[in-house]
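Colleague: Could you take me through this model, one spot at a time? I'll ask as we go.

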Amino acid sequence: MYKASGPLNILLLGDTSNFHNTLAMGLRALGHTVTVASDGTGWMNTPRDIDLSRHDSRLGGLWLWFRMRFLLKQRLSGYDIVAVAGTHFARLKPRRLRSIFDMVRHNNRFVFQTALATDPFYIEECLDPQSPLRYNEWRVDRDTTPFRQSSWNLAQDWLDRPLYSYSRHLAASVDAVVTALYEYHISCRRAYPPEKIHYGGIPVDTDSITFTPVIGIPDRVKLFLGYPSRRMLEKGAERLLTAARRVAAEYPDRCSLDVASDIPLDEFIRRMQGSHVVIDQLYSYTPATTALMAMAMGKTVISGGEEDYYRFIGENELHPVINLDPRDDQSIYRAIRDTVLHPELLSERGRQGRAFVERHNSAKVVAERFLKAWEKHKLYRNHPGGKL
């Protein structure tokens, strides 16, 4: 176990999909004081100590900007470590984010970035046919995806000069960046020197997730597929749903299919808990939050789990994710069909999945990686900045 040089006072600024809140659990368990300031990731309404929600009104951005400037004087200053969530740690325009970030930079000792969501550098990586990422939600080899075809202007919005300039400024100003996914780690090389890029992974609160392994061989395999409707094409859910419905129609006595879209998080987790197999994302190299939670429960996961990712994290034994190939709809169908036709494998896959998450993604394990990255720069990079 990695141990920091002493207790730290840490601010996690912004959040996505409960990432920073879960990381805070691991950091607190290791003896550190942690404050989470976020908007609760919108509809997820995740826990936070300081609320940074934006009013849904014409002046909502201006109000939030003034509120954050006020909070900087009282509650967002004087920390040993600040980690900002991606580039959009608050729902503000780039010029306002930049001014807030610069004040955070000035009023705290060390400031890091957590690469946990889409940013301009990830978009550049996705669109580049020379990228080591052979596929993503925007491109499969040299072909555009349905998401790209439906969102032609979105990529350019990410690369728009004000946002791109602000993102470059942030990248040049932080002490280092800690990445959540293999894909983000690759894309960060476009903006950060190698010595400032560290891998953290996605934290999972394994202590609160009950491991419920499959007992025996079920007569009917329960498939679960959940997705937010606004991100259906981005996640490849329309292709996954077509394949899953085909399997369910062909083998009605061997499986059932539960499809959930835009439901509250607690209901989403309950329905996932009641399944044997969770079908998640199509275009990912790395199992993301839903897949990892399902694996911690003991579910078989059909999603992204490329050999590139396993090599990157040094895992030679546990490869529990049934990996999907987005190049071929028939292979997606076969992956789901074969899982249904071989229910005797579910128990062992579930055991491997739980072991994998405990080894690589428990909140404490990920917190230790973050601390190691932060401490390296805290000890060896003499930053002249903040006033404490």
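Colleague: Which loop is Asp262 found in?
Modeller: Asp262 is found in the loop between strand E11 (255–261) and H11, where helices (H or I, at least four residues) and strands (E, at least two) are DSSP runs numbered from the N terminus. This is a predicted model, in which local features need pLDDT of at least 70 and side-chain atom pairs count only at pLDDT 80 or more, while totals for chains, interfaces and linings use all residues. Residues are numbered from 1 along each chain as its sequence is written, and side-chain values use heavy atoms, with hydrogens and water left out.

Colleague: Is Asp262 buried or exposed?
Modeller: Asp262 is exposed, as its relative accessible area is 52%; buried means under 20% relative accessible area, exposed over 50%, and partly exposed in between, with a 1.4 Å probe and protein chains only. Its phi is near 60°, a positive value in a residue other than glycine.

Colleague: And what about phi of Ser17?
Modeller: Phi of Ser17 is near 55°, also positive in a residue other than glycine. Ser17 is found in the loop between E1 and helix H1 (19–29), and it counts as partly exposed because its relative accessibility is 31%.

Colleague: Switching to helix packing, how do H11 and H12 cross?
Modeller: The axes of helix H11 (residues 265–273) and helix H12 (residues 289–297) come within 10 Å and cross at roughly 45°, the axes being lines fitted to C-alpha atoms, for helices over the stretch in contact, with angles from 0 to 180 degrees between N-to-C directions. H11 is therefore oblique to H12, given that angles under 35 degrees count as roughly parallel, over 145 as roughly antiparallel, 65 to 115 as roughly perpendicular and the rest as oblique.

Colleague: Which residues make the contact?
Modeller: On the H11 side they are Phe268, Ile269, Met272 and Gln273, and on the H12 side Thr290, Met293, Ala294 and Met297, with contact meaning heavy atoms within 4.5 Å.

Colleague: Now the sheet: what is the strand order?
Modeller: The open sheet of seven strands has the order E3-E2-E1-E4-E5-E8-E9, with parallel pairing, and two strands pair if DSSP finds at least two bridges between them. Strand E3 (50–51) and strand E9 (197–199) stand at the edges with a single partner strand each, so one side of each has no neighbour in the sheet.

Colleague: Where is His185, and what does it touch?
Modeller: His185 is found in helix H8 (residues 182–188) and is buried, with a relative accessible area of 14%. Not counting residues up to four places away in sequence, His185 touches Thr179, Ile197, His198, Tyr199 and Phe312.
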